[in-house]
Each structure stands twice: as structure tokens, then as C-alpha cells.
Amino acid sequence: MGLLTPTVALRKVTEITPELLKEMGIDAILLDVDNTLAPPTEKTPYEGVQQWIDTIKNSGFAVVICSNNFHSRITPFSESVGLDCVAMSMKPFPIGFNRAKKKLHEKPKAVVVVGDQIYTDVLGANLAGMQSILLEPRSEEKGLTIWIRRKLEVGIRKKLYSDKT
Ligand SMILES: [Mg+2]
């Protein structure tokens with residue numbers, strides 16, 4: 001398994017069930033925001049996401065938001081959905097994941113990183129020795145660096161999702 005391969009590939013965050021997390025042996029989740037929980041720059045999460053967050057929390061999993069976006073974006077969003085957060089986390093480097101782990105009350109046995117980008121979320125998780133769940137990006141994105149990263153993802157995604165189309 002390479003550094004760019006996620007543990008699991010799904011379409012939407014709401015497809016992640018407590019049963020799947022238990023099967024994976026997970027007790028803590030580090031959650032991306034943009035294109036994972038909400039459209040970039042938008043304050044309202046995708047349909048069903050708030051309910052999903054509440055279900056996962058009520059099922060006993062520790063959840064912290066870990067995003068590369070700025071505090072001004074991530075802090076108010078996290079508060080609105082009832083989660084603690086680390087902004088400017090510098091994924092794929094482990095610095096933000098380590099900060100996020102410190103926010104968890106109990107030391108997690110196994111952490112899963114959930115996000116929509118292979119070169120930040122999945123690569124970061126693999127470098128940190130964590131599991132990962134890759135999602136499909138949900139909204140249109142602007143900017144050169146994201147355009148390049150998405151181009152680099154195409155071949156990998158084709159393989160991962162070929163059995164699901
Ligand atoms: Mg994202």
C-alpha cells in the first residue's frame with residue numbers, strides 16, 4: 001500500500017457509519033472541512049452533515065476538525081457544528097494532526113483522517129501512521145494549486161472508485 005492510498009474510499013462523509021469505524025478499530029476522527037463537510041467558504045454544511053456529526057459523537061467517537069484553511073474560516077464553522085478545531089494545520093505535514101490529537105480528552109488508540117484530497121488528507125494520514133477515509137470532492141473549486149492536485153489525483157481515484165461506478 002502506497003503513501004497515496006487511503007484505507008477506505010467513499011463518496012460522502014455521511015456514508016461513514018459507526019459500524020464501519022468500529023470495524024476499522026477507530027476511536028478518534030480528524031475531519032477536513034472544505035469539500036468534506038461544507039462547500040468552500042460556505043457557512044452551512046452539506047445536507048445531513050450536522051446530523052451525521054451528532055450521531056458519530058453520540059456513538060462515542062472523539063471528533064476534531066483539522067483544516068488547512070484559515071482561523072477566520074474554520075473557527076466559526078467548527079463552533080457552529082459543535083466541534084473543536086485546528087486551523088492552518090499544514091496537511092500533509094503531521095504538525096496539525098499532532099495539535100488535534102492533543103485536543104482529545106483521552107489518548108486515542110487509532111485515529112482516522114477524513115477528507116477529500118489525496119495529497120493533503122490521505123498522504124498526511126499515511127505519513128503520520130494514521131488510517132484515512134477519502135471522499136469525493138463535492139463542490140467546484142477555484143485556483144491553480146488545487147487544479148494541479150486534482151489532476152494528479154485522477155489516476156488514483158479511477159482505480160479506487162472503479163468498483164463503485
Ligand atoms: Mg478539503
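Predicted model: local features only at pLDDT ≥ 70, side-chain atom pairs only at ≥ 80, totals over all residues.
Student: Thanks! Which residues of α3 are buried, then?
Tutor: The helix covers residues 71-81, and Arg73, Ile74, Phe77, Ser78 and Val81 are buried in it. They take up an arc of only 105° around the axis, which means they sit on the same side of α3.

Student: And which residues are exposed on the other side?
Tutor: Ser72 and Glu79 are exposed there.

Student: What do the buried residues of α3 pack against?
Tutor: Their partners are α2 (49-58), β3 (62-66) and β4 (84-86). Just after α3 comes Gly82, with a positive phi of about 80°.

Student: Let's switch to the sheet. What is the strand order?
Tutor: It is an open sheet of 6 strands, ordered β1-β6-β5-β2-β3-β4, and the pairing is parallel. β1 and β4 are the edge strands, each pairing on one side only.

Student: How many bridges join β2 to β3?
Tutor: There are 4 bridges between these parallel strands, and Ile29 stands opposite Val63 in β3. β3 and β4 are also parallel, pairing over 3 bridges. There, Ile65 has Cys85 in β4 as its bridge partner.

Student: Which way do the β2 side chains point?
Tutor: Ala28 and Leu30 point one way from β2, Ile29 and Leu31 point the other way, and all are buried.

Student: New topic: which residues coordinate the magnesium ion?
Tutor: Asp32 (OD), Asp34 (O) and Asp116 (OD) do, at 2.1 to 2.3 Å. Asp32 is in the loop between β2 (28-31) and α2, and Asp116 is in the loop between β5 (111-115) and α5 (118-127), so the pair ties together parts that are 84 residues apart in sequence.

Student: Are Asp32 and Asp116 buried or exposed?
Tutor: Asp32 counts as buried because its relative accessibility is 7%. Asp116 is buried too, with a relative accessible area of 1%.

Student: What about phi at Asn35, in the loop between β2 and α2?
Tutor: Phi of Asn35 is near 70°, a positive value in a residue other than glycine. Asn35 is buried, at a relative accessible area of 2%.

Student: Why point that out?
Tutor: Because most residues other than glycine have a negative phi. Met88 is another case, with a positive phi near 45°, and it lies in the loop between β4 and α4. At 39% relative accessibility, Met88 counts as partly exposed.

Student: Where is the cis peptide bond?
Tutor: It joins Lys91 and Pro92, with omega about 15°. Pro92 is in the loop between β4 and α4 (95-102).

Student: Last one, helix α6. What span should its 18 residues have?
Tutor: At 1.5 Å a residue, α6 (residues 144-161) should span 26 Å, and its end C-alpha atoms are 25 Å apart, which agrees.

Student: Where does α6 bend?
Tutor: At Val154, by about 45°.

Student: And which residues of α6 are buried?
Tutor: Ile146, Arg150, Glu153, Arg157 and Tyr161 are buried in α6. The buried residues of this helix pack against β1 (8-9), α5 and β6 (131-134).

Technical notes
Residues numbered from 1 in each chain as written. Heavy atoms only, no water. Buried < 20%, exposed > 50% of the residue type's maximum accessible area, 1.4 Å probe, protein only. Helix = DSSP H or I, 4+ residues; strand = E, 2+ residues; numbered from the N terminus. Arc of directions from axis to C-beta. Contact = heavy atoms within 4.5 Å. Donors = N, O, S within 2.8 Å, 3.2 Å for Na, K, Ca; no water. Expected span 1.5 Å × (residues − 1). Bend = angle between axes of the 7 residues up to and from the residue. Pairing = 2+ DSSP bridges.
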